[in-house]
Amino acid sequence: MIFPILHIPSLGDGMTIALDAVLHVLISHGLAIGLVTMLVLFQTLTYLGKGAFWARISRALLGPAVVVTTSIGAVTGVGIWFITGGLAPEGIGSLIHLFFWPWFIEWGAFTSEVVLLLIYYYLWDRLAEKRPGTLVALGWGYVGMAVISAILISGILGFMLTPDGWPFAGGFGRAYFNPTFIPQCFLRVSGGLALGALFVITWLAWRYKGSREERGRALRLGGAIFLGAALAATVSGLVYFSRVPMTYLTHWKFAVATSALSQRPDFLPLANGLAGLLVLATALAALLRRPILCRALCIPTIILCVGLVTEFERVREFVRGPYLLPGYMYANQIPLVENKGLAAKNEAILPTMRWVNDNGSQSAAMRDGATLFAANCGVCHTDGGINDIRKRIAGRTQDGVNAITAITEGLAPFMTPFTGTEQERLLLANYLFTLANQDARLRGPAPKEK
């Protein structure tokens with residue numbers, strides 16, 4: 001352990017990353033790809049002589065799209081780097097080492113994307129009047145860069161779930177062009193376009209001030225694109241999950257619905273089915289030019305579509321089970337070879353940790369126990385917050401806690417094994433028992449290894 005171990009006390013590491021990542025995906029895909037593509041298309045229709053109202057719609061929505069994508073979208077994107085760099089430096093370091101050039105090129109594409117969007121926005125009035133063809137070219141140039149950026153990142157994200165034997169065979173090509181690369185590219189682009197079309201339909205139904213005929217034409221086009229993109233996203237998603245190992249998919253419901261809701265096996269299928277029906281109903285309402293019906297359907301459809309995006313990201317992250325990088329690194333950032341090497345030589349992990357949080361108020365045993373908890377368990381569990389470790393082991397005897405720490409992999413398919421010696425494992429067990437039983441105290445020195 002070269003880097004300090006940092007964990008978010010109450011919110012937890014996973015929830016902290018998820019809140020930022022899901023918001024970023026909604027903006028970077030739904031707005032930066034989907035919505036802006038719709039606006040460029042509308043402006044192109046005006047350029048082709050299909051009516052000036054198309055460009056008026058684009059101009060009205062372009063400002064908010066630019067503000068959100070270049071502020072919240074950009075900040076949450078950088079935020080992913082800051083958060084994961086602090087919470088999972090070993091994992092991010094491994095990914096950067098393997099995928100330096102794709103990530104470097106993606107940052108270049110992202111920079112070009114932002115520059116083109118700002119030029120498109122600030123020169124709109126001048127170019128729309130004098131050089132509308134240039135404005136169209138700028139718009140589609142931006143869309144191209146946005147799609148390229150999504151494609152570049154898909155290989156890295158896919159590798160984190162389906163590395164396709166890379167830890168054993170090696171090779172950049174096999175790692176980047178992994179089994180879920182192509183379906184994920186289609187899923188992200190089509191899903192973003194579906195969200196963008198849904199946002200346009202919602203605005204047209206609630207805010208458009210033009211004629212009834214103009215709104216009807218725009219709704220019909222938005223509904224057609226929404227329906228087509230949603231169908232493409234559905235097919236891509238099915239292909240994507242068909243390539244995820246079944247050992248991961250067996251606990252997808254638990255991954256999404258948590259331990260409580262996972263006991264209700266019909267909950268997620270019903271929620272997903274309802275989302276699909278609302279998407280279909282909203283698309284048909286727009287195709288039939290029914291603004292009042294669109295008003296009633298759009299808001300709940302947006303909410304459920306956000307839920308679908310959250311579900312996909314949650315499944316992609318959680319079903320990897322005990323791994324951060326399958327076959328290479330556990331979720332707690334301990335490489336598999338390090339875990340096996342320490343176990344084979346019966347070497348302690350504490351001496352390898354150069355950063356230990358010692359406030360001077362704890363005994364040596366409690367300090368070491370807290371350090372072992374942070375290294376082995378803190379990536380998923382908190383002390384008093386989300387997935388509270390105290391509630392997980394409350395009411396158990398010390399022998400019971402000892403037994404749990406010895407068989408973590410056997411308890412659940414997504415728990416990491418303990419890394420350290422037998423004496424360190426007993427230190428951790430004593431620490432956990434003390435946490436769950438506030439009246440208990442460590443008595444005497446830690447048990448000696450036999």
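Phenylalanine 172 is partly exposed, at a relative accessible area of 38%, while tyrosine 176 is buried at 6%. Here buried means under 20% relative accessible area, exposed over 50%, and partly exposed in between, with a 1.4 Å probe and protein chains only. This is a predicted model, where local features need pLDDT of at least 70 and side-chain atom pairs count only at pLDDT 80 or more, but totals for chains, interfaces and linings use all residues. Residues are numbered from 1 along each chain as its sequence is written, and side-chain values use heavy atoms, leaving out hydrogens and water.

## Aromatic pairs

Rings of Phe, Tyr and Trp (its six-membered ring) pair if their centres lie within 6.5 Å; planes under 30 degrees apart count as stacked, over 60 as edge-to-face and the rest as tilted. That rule gives 26 aromatic pairs. With ring centres 5.6 Å apart and planes at 10°, phenylalanine 172 and tyrosine 176 are stacked.

## A charge over a ring

Turn next to tryptophan 206: the charged end of arginine 295 sits over its ring, 5.7 Å from the centre. Such a contact needs NZ of Lys or CZ of Arg within 6 Å of the ring centre and within 35 degrees of the ring normal.
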